[in-house]
Amino acid sequence: MKPSMFGCRRPEIYFPQLEAFQHNHPRFQRHHQNTTTTRNTLAMSATAGSSASSAANLIKRTLPFGNGHNSTPLPENGDASRVLKDDSDAANPTAKDDSDNSDIEDPDDLNTKTKRKYTKDRKVGEGAYAVVHLGHRLATATEPAVPVAIKKIKVNTEFRDGLSMDAIRELKYLRELHHPNIIALLDVFSSKSQNLCLVLEFLVCDLEKIIKDSSLTLSMADVKSWMLMSLRGLWWCHKAFVLHRDIKPNNLLISGSGVLKLADFGLARSFSDPYRPMTSNVITRWYRPPELFYGAKFYSSAVDIFSLGLVFCELMLRTPFLPGNTDLHQIELICQALGTPNEDNWPGVTTLPGYHSVENGASVKERGRDFFMNTFIAAGEAGVDLLMKMIKLDPRKRCTAREALDAAWFSQEPYPTKPANLPKKVDGKGIEKVGSDLKRKAGELFNNNDETTGRGKKVARKLDFGGGAG
Amino acid sequence: MAEDQLYTSATQCTTWSFGPSTLSTIRQNTNAAGTRSIRRGWKRARVEASSANTPAATTPIPSHTPTPTPTPLSSSTAATLDPASIPDPESLTPSEELTLVHYYILRLIDMSDIFSFPSNVKSTACVFLSRFHLHHSVQSYHPKHLIPTILFLATKTENHYIPLSEFCKRIPKLTSEAVLKHEFTVAGGVRWDFDIRHPLRAAEGGIMELLTVLGGGMNGSSNSNDPGLIALKERLAPNPIRRVQDAHGKMKGYLTKEALVSDVYYQYTPPQIFLAALWLADKDVAEGYIEWRFGENSTMGRAAKKRKKDKKNKSGDDEVTTTADEAAKRGPALAPKLLVLVAQCAEMMVSAREYEKIPVDELKRIDKKLHRCQNPQKFLGAGLTLGAGDNGTKRAPDDAAGEPKDKEESKKKRKAEEDPFGGSLPGRD
């Protein structure tokens, strides 16, 4: 929450101008063509929180954000529903009298209007939690058809109390977060059987798929580009006081034009409410930071940074850096790889509720530069510097997303690859993969049908809804 | 990027911020739409009533309405009079609707207090109700049916979920079906915008900041020669800390009541509302705080320094800081401007108290009117109950069975039957 106390009473209309500014301002335009140059440009783009793919802008512009959010610009003195009503009245002169379907103030009707804008083409994934369809927004007189992903959240599968918490969290945050590196929620509607449908930006692939594809060669410039885009998205989340809490390669989706976007906000929550504890049962195990294993109830954006740091490692190693089999095993791996937390390298760690000390012999000193230089030599000195800052044991010593964006690494050669030139999956399987990513229950690493590989059990523990801590 | 882009891109700012004139236009339109839907309902009910009267009772009934099951009583009584002769009910005015909405916001606050929910849940629920009825007429959806749903939805959106079965236990006669029935209506009615920006976080941050500097906290030494701060301390002498603590409590009271019953959420930003509440709680604290942070003496250097600290603390007060930053850019004239705004906002909040004083008789009168609007079947002998979000759900025309809600309601109902229009139905009941 960062509103201004500035400028008097709010103007009646804010935002058409703002949108126009973002789309048309020369600075942003120029930036599209030149994503990778000087450090200043990069920093600026990060701060500008705009730019990136013009495709994204196209989608944003042509695909209104539902319910008059930005499709129907607010009229001078009235609101979107007013416009809708006038339209329907004009189109249907009898509406005013008794035609029942002209009841514009009925939300079901607004809902129907939204629903009619889209059509489902084919199913690309189904899980216990959601069904994902590939679809498109129907072409109108002025706008071409645009592909979308329609995620239908099944209601009442396990959760009998109406809209599920995952769906509510995802909706709540995606409605607010608009950034080129965050998946765009284009519309929301409910289906006849009271299932919630989220219309999401259509994305073709995810980072996990790319990491696993041994036919692709990933250069350091590519890694840099993906890290840069992830950090930009994360920076915007954190700036809006939202923790993602489930950063991992298969939640980093890739658009057709190569732009990376954070997805799956089913575990997200706002943070920095003083005195309000948060649950530590979040983030998929392999990417979970040590403070959460120790049961920290008050944590910060540093948890996401740690997860992203491990994604960084994975991009270079092409295999998960710390693939623990159990929570205990995971802490063991963290201690071995990064060092054993103690009062010296992490003041206060022993006071965390879940902290357990290790026998002296087993203790590992916090790894220094040499260790990382040996393991991640490809990143170069500046890259290793950034990595070390992201996966510090002590969350207070980790860098913020903003500081990471300022890292020297991004302004050094090799410059980050332009999104359009990044390695891509060429076969058609990416779409199915994205479908299954979107339908996954938040916090799960793999889908049920992946259990054959023996990895299905390594999922984040379920959220504890009991204490209001979620 | 503009410093406040985060707020200006929030749905609260883009879709839920209005000036006073727009706000009243929207309310008028909503009221008009509600009135139209009441007219339609009555028209349908008339058709049904007259078809039930004529021997040719097989005349097609509007397809979507379930076959009416008039009780023998109502059909026989209705047979004795011509439904066409009964005039349409008088509909509610926009201000009557608003009165009712605000009354139910107060009830919502009471209901939240039964559970002792935290302020953010309470506030979110109230804003949901207000926003819902901004676009949906009370005549179409009676708030009394919606408030449990709204409160339950707010617990979920504010991450304070409690199981529905427990939720229902605490409120007499509430069933989980009744809560869930309206969930999609409400969620869609607030346009799926679940994130409400409350002044609460700004308030906690501001108070923390005041207590820190007045207590000579961590950066006490660097502040000691800040003339603005010295002035603030003098103004709050002899015990500045105590003053702020007292103001804190009172301010919370304003934020969790007056701010919710008025229109300030539509017209002011969260920090403005916070300052207005602080101003009402203790004028000196608020004015001193504003003078210190945005007055002539506020220095640019401080803002920058403060910002770095904020990054580490993540305390909620950095919206204040960034504004200070902007103030530095735009010159020092902010404080007087801000004070005027804060006073206006405070005035609006105080005016909300009127809603608590509305006499019960007035509320009863409005509810009676609404009851007649929504229950054409009762006055015509056929048709369905309108509104209350019951569209499509059949309700027995015998309304006594339809509304077992609570005693007060049935009392109201009995009274409604005594009203001039109801009384004109010979032989009724």
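The following is a conversation about a predicted model, taken one feature at a time.

Visitor: What makes Asp246(A) count as buried?
Guide: Asp246(A) has 27 other C-beta atoms within 10 Å. The cut-off for buried is 20 or more, so Asp246(A) is called buried.

Visitor: Where in chain A does Asp246(A) lie, and what does the UniProt annotation say of it?
Guide: Asp246(A) is in the loop between β7 (242-243) and β8 (252-254) of chain A. The "active site" annotation covering Asp246(A) comes from an unreviewed UniProt entry, and such annotations may be inferred rather than shown by experiment.

Visitor: Which residues does the "binding site" annotation cover?
Guide: The unreviewed UniProt entry lists Val124(A), Gly125(A), Glu126(A), Gly127(A), Ala128(A), Tyr129(A), Ala130(A), Val131(A), Val132(A), Lys151(A) and Lys152(A). Among them, Tyr129(A) is in the loop between β1 (118-126) and β2 (130-137) of chain A, while Val132(A) is in strand β2 of chain A.

Visitor: Why are Tyr129(A) and Val132(A) called buried?
Guide: Tyr129(A) has 22 other C-beta atoms within 10 Å, and Val132(A) has 26. Buried requires 20 or more, so the word applies to Tyr129(A) and to Val132(A).

Visitor: Which residues stand opposite Cys197(A)?
Guide: Cys197(A) in β5(A) is the bridge partner of Lys152(A), and Phe189(A) also stands opposite Cys197(A). Lys152(A) is one of the residues under the "binding site" annotation.

Visitor: What lies between β4(A) and β5(A)?
Guide: The two strands form a hairpin with five residues between them. In the turn, Gln194(A) has a positive phi of about 60 degrees.

Visitor: What makes Ser280(A) buried, and where is it?
Guide: Ser280(A) has 24 other C-beta atoms within 10 Å; with the cut-off at 20 or more, Ser280(A) is buried. Its place is the loop between β10 (269-270) and α10 (290-293) of chain A. Beyond four places in sequence, Ser280(A) is in contact with Leu292(A), Gly295(A), Ala296(A) and Lys297(A).

Visitor: How do you know that the span of α5 in chain B is close to the one expected?
Guide: Helix α5 (residues 94-115) has 22 residues and reaches 32 Å from its first C-alpha to its last, against an expected 32 Å at 1.5 Å a residue. Its buried residues include Leu98(B), His102(B), Tyr103(B) and Met111(B). After the helix comes Ser116(B), with a positive phi near 45 degrees.

Visitor: What are the overall confidence values?
Guide: Chain B has a mean pLDDT of 77, with 70% of its residues at 70 or more. For the complex, the predictor gives an ipTM of 0.75 and a pTM of 0.76.

Conventions. Residues numbered from 1 in each chain as written. Chains lettered and ligands numbered in written order. Predicted model: local features only at pLDDT ≥ 70, side-chain atom pairs only at ≥ 80, totals over all residues. Helix = DSSP H or I, 4+ residues; strand = E, 2+ residues; numbered from the N terminus. Buried ≥ 20, exposed ≤ 12 C-beta atoms within 10 Å, placed from the backbone. Contact = placed C-beta atoms within 7 Å. Expected span 1.5 Å × (residues − 1). pLDDT = per-residue confidence, 0-100. Pairing = 2+ DSSP bridges.
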